[in-house]
Amino acid sequence: MLTIDFSTFPELETERLKLRRADSNDIHELFALRSDPQIMQYIPKPPAANLEEISEHLRIIEEKISSNELINWAITLKDDSKMIGTIGYYHIKPEHYRAEIGYMLLPGYQGKGYVTEAINLVVDYGFSAMELHSIEALIDPENIASARVLEKCGFIKEGHFKENEFYDGKFIDTVIYSKLNR
């Protein structure tokens, strides 16, 4: 079984991006992400209604990072510390050497390759530093842009689960993508 330890938070960098720990200074950008109907349309959670919800969300994230249950980075441009998105590992399963990756990006930064760059960086970290064997991504089947990005990053579509989740009064489908550490 894997030993997960985020007591020293890893900051990651590419030529264009810096992935760092989110903090209370990111509250307005995080609210913009989690309250945007366009971004949230494929995430089975209600959009954030106020800054208090985001503050609580940040507190829970911090608690779960401290207990090694997940890790979440703020995506920033290398020359600007303002958060433009988030990426992280959720539902880490140390006993299976597997974790679920999730990400979101503010609309003004989409279509520029930032998510692809961030996913590749976080996947490399997951395989090398965390010693994961596989990484999964669960997406809405209508989220074509996310499917394309995952495929571009080497993820393979493993399955389409019909009406496997219940959200907002209806059953919804989930598509699972996965990448193995080769």
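Visitor: At what angle do helix α1 and helix α3 pack?

Guide: In this predicted model, helix α1 spans residues 27-35 and helix α3 spans residues 51-66. Their axes lie 9 Å apart. The angle at which the two helices pack is about 105°.

Visitor: Are α1 and α3 roughly parallel or roughly perpendicular to each other?

Guide: The packing angle of α1 and α3 is about 105°. Angles from 65 to 115 degrees count as roughly perpendicular. The two helices, α1 and α3, are therefore roughly perpendicular.

Visitor: Which class of residue has six members in the contact of α1 with α3?

Guide: From α1, the contact draws on Ile27, His28, Leu30, Phe31 and Arg34. From α3, Leu51, Ile54, Ser55, His57 and Leu58 take part. Divided by class, three of these residues are polar, one is charged and six are nonpolar.

Visitor: How are α4 and α5 oriented to each other, given that their axes cross at roughly 45°?

Guide: Helix α4 covers residues 114-128 and helix α5 covers residues 144-152, with axes that come within 10 Å.

Visitor: Is the crossing of α4 and α5 left-handed or right-handed, and which residues of α5 make the contact?

Guide: Where α4 passes α5, the crossing is right-handed. On the α4 side, the contact is made by Val115, Thr116 and Ile119. Over both helices, the contact residues comprise four nonpolar, one polar and one charged. Those contributed by α5 are Val149, Leu150 and Lys152.

Visitor: Which residue has its backbone oxygen 2.6 Å from a polar atom of the Lys179 side chain?

Guide: Lys179 is located in strand β8, residues 170-180. Beyond its neighbours within four places in sequence, the contacts of Lys179 include Val123, Phe127, His133, Gly154 and Phe155. Another of the residues in contact with Lys179 is the one that supplies this backbone oxygen, Cys153.

Visitor: What is the C-alpha to C-alpha distance between Lys179 and Glu136?

Guide: Along the sequence, Lys179 and Glu136 are 43 residues apart. In space, their C-alpha atoms are separated by 6.5 Å.

Visitor: What is the radius of gyration of the protein chain?

Guide: The chain has five helices and eight strands, in the order β-β-α-α-α-β-β-β-α-β-α-β-β. For 182 residues the globule rule gives 16 Å, and the chain comes close to this, so it is as compact as a globular protein of that length. Its radius of gyration is 16 Å.

How values were computed:
Residues are numbered from 1 along each chain as its sequence is written. This is a predicted model: local features need pLDDT of at least 70, side-chain atom pairs count only at pLDDT 80 or more; totals for chains, interfaces and linings use all residues. Side-chain values use heavy atoms; hydrogens and water are left out. Axes are lines fitted to C-alpha atoms, for helices over the stretch in contact, and angles run from 0 to 180 degrees between N-to-C directions. Helices (H or I, at least four residues) and strands (E, at least two) are DSSP runs, numbered from the N terminus. A crossing is left-handed if the near helix is turned anticlockwise from the far one by less than a right angle, and right-handed if clockwise. Contact means heavy atoms within 4.5 Å. Ala, Val, Leu, Ile, Met, Phe, Trp, Tyr, Cys and Pro count as nonpolar, Asp, Glu, Lys and Arg as charged, and the others, Gly among them, as polar. A polar contact is a pair of N or O atoms within 3.5 Å; within protein, one must be able to donate a hydrogen and the other to accept it, and residues adjacent in sequence count only if both atoms are side-chain atoms. The radius of gyration is taken over C-alpha atoms; the globule rule is 2.2 Å times the number of residues to the power 0.38. Angles under 35 degrees count as roughly parallel, over 145 as roughly antiparallel, 65 to 115 as roughly perpendicular and the rest as oblique.
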